[in-house]
Amino acid sequence: MQAVPTAPWPEGKAPDPARMEDAVRLPVLAGFGVDALEDDAELERITQFAARLCDTSSAMVSIVEEDRQRFLAREGMEARETPRPVSFCGHAMLGNDVMVVPDALEDPRFADNPLVTGEPNIRFYAGAPLISSEGAPIGALCINDTLPRPDGLTALQEEGLKVLRDAVMRRLHARRRDLVADAELETSQNRLSALADSIPDIAWSADASGEANFFNRRWYEFTGINPDDAPSNEGAYEVFHPDDNAAYRDAWDTALASGEPFEQEFRVRRADGTWRWMLSRGLPVRDSAGDVTQWFGTLTDIDDNHRRSESRDLLAKELSHRIKNIFAVVSGLVMLRARNRPELKEFASELGEAIRALGRAHDFVRPLGSEKGSELRGLLDVLMAPYGIGEGKQVEVHGATVKLGKRAATPLALIFHELATNSAKYGALSREEGRVSIDLAERGDTILIDWSEIGAPAAAPPETAGFGSQLLDMSVKSQLDGSMDREWGKDGLKVRLSLPTKSLAL
């Protein structure tokens with residue numbers, strides 16, 4: 001939209017000659033939207049004061065149109081308009097100063113004017129031109145009386161009339177600015193609506209209280225709701241699945257109270273009656289004071305992905321069940337094969353325990369499992385349960401909370417199973433009074449895990465690295481990209497594991 005000038009037309013300057021013709025002048029006049037200013041309270045006060053200031057019977061804010069002059073505000077005048085050919089203001093608006101007619105009967109321009117020879121019997125007239133900021137004449141602020149006034153206006157009255165004329169123009173220009181702003185806002189809203197209608201997702205907005213005030217066309221197409229119905233929360237809740245409605249409202253109320261971004265999955269009834277899973281996201285808009293003034297968001301159809309995810313979960317549960325069975329089968333085969341081989345009994349027992357430890361670790365991280373967790377402490381609770389874990393028990397865990405991913409669970413299970421097995425054979429866990437302390441600490445991007453045996457027999461390093469030591473080294477270095485330090489002392493074995501945080505999170 002073309003910008004309009006905002007500075008007032010210079011005082012004492014005649015209108016722009018290029019804007020005096022109706023073909024140019026009238027479009028400028030139309031831009032003021034004067035229909036809404038008829039009987040405007042502010043303009044009425046101006047005319048009332050103009051009449052008192054100049055001691056006249058009448059005062060008007062006159063707008064000169066193509067075929068008439070219209071009085072937006074009037075004092076002492078019954079008529080709302082007169083034909084343009086008899087207009088005094090049509091002459092006044094073309095000048096550069098207040099036009100004064102001391103005696104209309106003596107002025108050749110108006111002596112035969114019906115407004116002079118008949119009602120309202122004008123003899124004295126004065127009009128200050130109303131000129132738009134771009135220089136187009138649009139009318140006049142005028143006063144008139146039924147008696148001639150040879151001396152015209154006093155200097156104070158003439159100055160006052162100009163001041164009041166400027167006030168009229170400020171009111172008119174304010175009206176035009178409002179219209180321009182409204183038009184720009186409407187254009188912006190139309191563009192936003194067109195943009196919102198062009199996206200495949202459902203777009204919505206809500207006011208600061210959370211009440212919906214906009215849905216794009218996609219919403220009405222998807223739900224079958226009548227587009228003529230005003231957007232509202234209650235209208236939307238009617239197509240939300242009854243089982244999801246309460247959870248959605250609670251999540252929305254929480255977001256409104258906190259001012260934090262909103263996100264929730266729920267089902268919406270499509271126009272054909274089927275239910276579709278949707279993901280709703282909303283972001284708050286804040287003013288300069290930080291207060292939320294509006295919410296904007298989207299609804300995305302995630303039904304296909306949701307169903308694929310459910311299928312994957314079912315498949316994962318089935319695979320997990322089969323893997324758990326494999327652990328049991330392998331452990332059973334080991335024990336069965338060793339039953340008639342006494343020389344393999346100890347080895348088979350250790351191998352079976354290791355396999356069962358892996359099974360317990362799998363229980364901890366398996367999909368949708370009852371023991372599913374995401375912290376190292378939870379895995380240690382599972383693995384150390386046979387030895388007693390907790391305050392006053394043989395195994396105590398202290399320190400930081402360490403996030404644990406599914407991939408890291410298996411090598412960690414092997415590491416702690418091996419440490420616990422050796423301790424149960426030769427170290428602190430082989431004695432009733434023996435204790436093991438496991439301390440977890442976070443140092444930047446590294447997790448430090450200290451295994452300390454207390455009340456154990458004196459420990460010495462083995463002469464040769466056995467299978468257990470090789471298994472520990474392989475798990476720590478190859479699978480977790482970490483390092484392990486051992487210290488044998490009179491109180492037992494101490495082990496420090498240094499593991500990258502990112503390796504544990506996988």
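Predicted model: local features only at pLDDT ≥ 70, side-chain atom pairs only at ≥ 80, totals over all residues.

Residues are numbered from 1 along each chain as its sequence is written, and side-chain values use heavy atoms, with hydrogens and water left out.

**The whole protein**

The protein has 14 helices and 16 strands; here helices (H or I, at least four residues) and strands (E, at least two) are DSSP runs, numbered from the N terminus. Of its 506 residues, 43% count as buried, a word that stands for under 20% relative accessible area, with over 50% called exposed and anything in between partly exposed (1.4 Å probe, protein chains only).

A contact means heavy atoms within 4.5 Å. Among the contacts with a separation of 6 or more, 59% involve residues 24 or more positions apart.

**An open sheet and a helix**

What is the order of the 5 strands in the open sheet? The order is β8-β7-β11-β10-β9, with antiparallel pairing; two strands pair if DSSP finds at least two bridges between them. At the edges are β8 (212-215) and β9 (262-269), each pairing on one side only. From one strand to the next, the twist averages 25 degrees.

Strands β9 and β10 (residues 275-286) are joined by 8 bridges, and Arg269 has Trp275 of β10 as its bridge partner. Helix α8 packs on this sheet, where it touches β7 (202-207), β9, β10 and β11, and its direction makes about 155 degrees with that of β9. Such angles run from 0 to 180 degrees between N-to-C directions, using axes fitted to C-alpha atoms, for helices over the stretch in contact.

**Aromatic rings**

Rings of Phe, Tyr and Trp (its six-membered ring) pair if their centres lie within 6.5 Å; planes under 30 degrees apart are stacked, over 60 edge-to-face, and the rest tilted.

| Pair | Centre distance | Plane angle | Type |
|---|---|---|---|
| Phe215 and Trp219 | 4.3 Å | 15 degrees | stacked |
| Trp252 and Trp295 | 5.1 Å | 70 degrees | edge-to-face |

Trp252 lies in α8 (residues 242-258) and Trp295 in β11 (residues 292-301), so their pair ties together parts 43 residues apart in sequence. Trp252 is buried at 5% relative accessibility, and Trp295 is buried at 1%. Ring pairs also link Trp252 and Trp295 into a cluster with Trp204, Tyr237, Phe240, Tyr248, Phe262 and Phe266.
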